[in-house]
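Subject: Handover of a structure and notes on its elements

Dear colleague,

Please find the structure below, together with its sequence.

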Amino acid sequence: MRYSRFFIPTLKEVPAEAEIISHKLMLRAGMIRKLASGLYTYLPYGLMAIRKVEAIIREEMNRAGAVELLMPFVQPAELWKESGRWDHYGKELLRIKDRHGRDFCLGPTHEEVITDLVRKHIRSYRDLPINLYQIQTKFRDEIRPRFGLMRAREFIMKDAYSFSATPESLDEIYDAMYRAYCNIFERCGLDFRSVEADTGSIGGHASHEFMVLAETGEDDIACCTACSYAANTELAEVVASDEREINPGTEELKKVSTPGKKTVDEVTAFLNKKADELVKTLIFWADKRPVAALVRGDHELNEVKLRNVLGVQELEMADSETVEKITGAPVGFAGPKGLPGEVKVLADHGVRNLKDFVAGANEKDAHFVGLNWIRDIDLPEFHDLRVITEKDPCPRCGGKIEIKRGIEVGHIFKLGTKYSEAMGATFLDANGKERPIIMGCYGIGVGRTVAAAIEQNHDEKGIIFPKPLSPFEVIVSVINVKDKEMLNEAEGIYENLLKMGISCLLDDRDERPGVKFKDSELIGIPIRITVGKKIKEGKVELTTRRDLKTETISKEAIPEKISSLLK
């Protein structure tokens, strides 16, 4: 491809809308352009990188036994009502009507569509297992689209769905998909971790996320330094504290005035206490029922764990008006002693062995000190309800935990029979008995993978593409295109590289050398061959993008050198 005929509108300045590195560089490198909030046009250079990811995905999915198809982007409401998600998915589901007034949605995912397809054609256990995948546009009406392709409303996704007759068959496919995903991200040249994760709105009973490690990642990952354990902090287990018999402390229970002291820091400083001597009481609505969740003052409640323990569809923190109505006090003064009987109380294991602790008195400007379980308050239900910290031991081996930042690029689920039971997708087993098909689903964010690769591979000059994802492997820059000999030599090198099967961009623009070098560094092509005055001596300069090291080599040495660098 000749640069003069290619469409790659690079930018010198960082657009004001861009917040993170990948967003900035994808805009500056002429990979994407914003159409509207969360909607992007993939420009040729960006689309080429996306196609590289798609090719790797297809090869590994096909190798793992999955079969490609393509499903509609627009989906009828009837299917979503069958699964029960039409009313529960939330505002991310963009609902539309056709000219006849019938309800449809723009597909954020395709469980309903694929289940409908399979239930019409699978009759017997002999037809199973099967694993179908697509690479398709999705739409999720994010409340706050940001970070370019990281959190767009419209995006490209690979989603696969497996259908099995037995749990053992599901396990085999799940393991095959796990290996395929590891292969995909390894082939993309990414530093990643597979982590145990929450199943979220998709449902199911087991899942793993694939996280690209990057400082700008939106997710926290708990990783053990001694074993292979890794989990999203939404799911990472916290080892229960000592469960010896609970004995009360020695302090007298007192109600003390704490005027205007609402936060943990304010209350503990005022009372000369430590954060781990205070119990926070957080009020939620869980499927329209009030719930109080108790955690230690130095810990953070994990709402995902709370939702899973309660087994509810909807969980949201109560607003200030509701808190005051339930507890009788403004936000910041709620406590476990004296809550109305209709409030369900759950507590994290971390508060179980506290003695003589501090908590709100359910009264404005007042807290209790010297609180003790059994003596002053009935024991609540204790569960793992908090976010893991680096002070906690690994739940598998007891080793040290590190918290790292990650970008989710893939997610696999064991769905079980959630959708097949709701939608009547059944098969006849070997005994002629009708059973629900057992499902799994497996997704990869294609655009997110490209963006994550840039987050992980860049410097102050621009993108440093991993070789497998780079739109071009080599860029040939001509110092002076008006010098016919120089241009002819560059074109000859370019043509020879193409004959070798190497993807190449010939920078034949009539621009200053500095402009060409800056653009080549910005767009991140792994190798640059500079054809300048030394070509009269049969020599060119070769620069590697990752380390920006330049060496002079003979024109004849180019094929061997390029082949060696691209291995």
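Predicted model: local features only at pLDDT ≥ 70, side-chain atom pairs only at ≥ 80, totals over all residues.

At what angle do helix 1 and helix 10 pack, and how far apart are their axes? Helix 1 (residues 21-28) packs against helix 10 at an angle of about 105°, and the two axes lie 8 Å apart. Helix 1 is therefore roughly perpendicular to helix 10. The angle classes are as follows: under 35 degrees counts as roughly parallel, over 145 as roughly antiparallel, 65 to 115 as roughly perpendicular, and the rest as oblique. Axes are lines fitted to C-alpha atoms, for helices over the stretch in contact, and angles between N-to-C directions run from 0 to 180 degrees. On the side of helix 1, the contact (heavy atoms within 4.5 Å) is made by Ile21, Ser22, His23, Leu25 and Met26, and on the side of helix 10 by Val450, Ala451, Ile454 and Glu455. By class, this contact of helix 1 with helix 10 has 6 nonpolar, 2 polar and 1 charged residues. Here Ala, Val, Leu, Ile, Met, Phe, Trp, Tyr, Cys and Pro count as nonpolar, Asp, Glu, Lys and Arg as charged, and the others, Gly among them, as polar.

Residues are numbered from 1 along each chain as its sequence is written, and side-chain values use heavy atoms, with hydrogens and water left out.

The chain as a whole

The chain contains 13 helices and 31 strands. Both are DSSP runs numbered from the N terminus: helices are H or I with at least four residues, and strands are E with at least two. Along its principal axes, the C-alpha trace spans about 95 × 65 × 50 Å. Of the 567 residues in the chain, 52% are buried; buried means under 20% relative accessible area, exposed means over 50%, and partly exposed lies in between (1.4 Å probe, protein chains only). Among contacts between residues at least 6 apart in sequence, 69% join residues at least 24 apart.

From helix 2, the residues in contact are Ala49, Ile50, Val53, Glu54 and Ile57, and from helix 10 they are Val446, Thr449 and Val450. These residues divide into 6 nonpolar, 1 polar and 1 charged.

An open sheet of 5 strands has the order 28-27-29-30-31, with mixed pairing. Two strands pair if DSSP finds at least two bridges between them. The edge strands, strand 28 (504-507) and strand 31 (550-554), each pair on one side only. On average, neighbouring strands of this sheet are turned by 25° against each other, direction ignored. Helix 11 (residues 484-499) packs on the sheet and touches strand 27 (474-478), strand 28, strand 29 and strand 30; the direction of helix 11 makes about 170° with that of strand 27.

Strand 29 (residues 527-531) runs antiparallel to strand 30 (residues 539-544), and 4 bridges join them. Threonine 530 has glutamate 541 of strand 30 as its bridge partner, and isoleucine 527 has threonine 544. Strand 30 is also joined to strand 31 by 5 bridges, again antiparallel. Here glutamate 541 has threonine 552 as its bridge partner. The hairpin of strand 30 and strand 31 has 5 residues between the strands, and leucine 548 takes a positive phi near 55°.

Strand 15 and its neighbours

Is strand 15 (residues 289-296) largely enclosed or exposed? Strand 15 has 7 of its 8 residues buried, so it is largely enclosed by the rest of the structure. Strand 14 (residues 279-286) runs antiparallel to strand 15, joined by 8 bridges, and threonine 281 stands opposite leucine 294. These two strands form a hairpin with 2 residues between them, and aspartate 287 in the turn has a positive phi of about 50°. Strand 15 is also joined by 4 bridges to strand 17 (residues 344-348), and these two run parallel.

Yours sincerely
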